[in-house]
Amino acid sequence: MLARATAQGRQVKVVGGAHSFTDIAATNGVLVGLDRMQGLEHVDPATGEATLLGGTRLFNVAELLAPHGLALPNMGDIDHQSLAGSLATSTHGTGLAFTGFSGLVTWLRLALPDGSIVECSATERPELFQAARVGLGAIGVVLAATLRCLPAFQLRAVEKPEPLVGMIESFLERSATEDHLEFYWFPHTETALAKTNTRLPVDAPRHPVSPISRLLDDELLGNGAYGLMCAAGSRVPALVPPLNRLAAKTLAARDYTDVPHKVFVTPRRVRFREMEYSLPLEAFGEVFAELKSAIEGYREPISFPIEVRTSAADDTWMGTSAGRQSVYFAVHRYAREPHQEFLQHVEQVFIAHGGRPHWGKLHSRDAGYLSGVYPEFERFTAVRDETDPTGTLLNPYLRRVLGA
């Protein structure tokens, strides 16, 4: 199919879980889905490496690895993506000891635009491997990937509201000592919701969230009631600040222990649009202060919370944490509210500090900017030019961000 499309001059794009907010997978040509390419292909018990097919949804991975006593080292709070899609967009979780998914990859099987099927690793076709680990869908189709996994473990989660000022003052220190730390700030309040995850042995006692608590806290309050509050705020913007203060005051503190994927992942049913940028870790305090000022000075109140996470540096070429420990700021706008002007407003804070936009989330950057924040940008585009000289895998989004 790829070879035929290339010969005919047709465009081909691959879609995974359709989670991206950008047009990274959009096409008016051939759209390929990988949903039939799911499952575990191989496990190496000596190294703990697992090879998964590219279309495997992240929400299935834990069940596939469990019989082998393995688990993913880290996950984000959404698990709808395909493995191929998570690699293409540099998907990540939180924790300074852990990279995103692409940093775990040791081997890839790709379908290239000329129709050939190739394998690559750090020692076999290393340039292609480095480019394809975060390939943006521009290098080839990820048919399978090998990930470094860890022996199975459990997570203890402590979620509680805290004074924002204390969180800001302690965030870097706590991030260096906790396994996984993230927080949400509700604009127009002085409250942060902290979530601290601590890794425990696999045989540690489990104390999962009860079905009643999950129904009340996650579904009725966290999604149902919060959705109604966002809808009310979109109709009457003056209600947003007091509603945010109410939401912050009613946050339930809880402490529970469960298998990792049930702790990392959070149900999200209120629709939103999102921008996320990676910044150098040491810029956290300055960037947060400027971001807070930009949001509070915007002409309309903002209902959705800001999410802050961290990541270890990795050695990918186009990963958002390539070569540096990073802090991530995710800014959201309720789906029924106009988002473009607001996101461009806060984006100025991020680009002033050399921020790198998440490849699957909204941003306005182009190749001129991105080549300055990715040291290996030219090496990546050289591999792209070599593997896809006719632009079979390109689309307007990729032409903008790669200058192709």
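Hi everyone, let me start in the middle of the protein. Its largest nonpolar core has 102 residues, and L108, F183, M318, F329, F350 and W359 have the most contacts inside it. This core takes at least three residues from each of domain 1 (1-151) and domain 2 (154-357), with bounds that come from an automatic or database domain assignment. Another core lies apart from it, with eleven residues, including F186, Y226, C230 and Y334.

By a nonpolar core I mean a set of buried Ala, Val, Leu, Ile, Met, Phe, Trp, Tyr and Cys residues joined through side-chain atoms within 4.5 Å. Buried means under 20% relative accessible area, exposed is over 50%, and partly exposed is in between, with a 1.4 Å probe and protein chains only.

A quick word on the model: it is predicted, so local features need pLDDT of at least 70 and side-chain atom pairs count only at pLDDT 80 or more, while totals for chains, interfaces and linings use all residues. Residues are numbered from 1 along each chain as its sequence is written, and side-chain values use heavy atoms, with hydrogens and water left out.

Back to L108. What does L108 touch, not counting residues up to four places away in sequence? Its partners include L87, V118, F129, V142, A144 and A145, where contact means heavy atoms within 4.5 Å.

Next, please find strand β8, residues 141-148. Seven of its eight residues are buried, so β8 is largely enclosed by the rest of the structure. Strand β6 (residues 105-111) pairs with β8 in the antiparallel sense over six bridges, and A111 has V141 in β8 as its bridge partner. Strand β4 (residues 49-53) also runs antiparallel to β8, joined to it by five bridges; here A50 is partnered with L147. For pairing, DSSP must find at least two bridges between two strands.

Now let's zoom out. The chain has 13 helices and 17 strands, which are DSSP runs numbered from the N terminus: H or I of at least four residues for helices, E of at least two for strands. Its radius of gyration is 21 Å, close to the 22 Å that the globule rule gives for 404 residues, so the chain is as compact as a globular protein of that length. That radius is taken over C-alpha atoms, and the rule is 2.2 Å times the number of residues to the power 0.38. The C-alpha trace spans about 60 × 50 × 35 Å along its principal axes, and 57% of the 404 residues count as buried.
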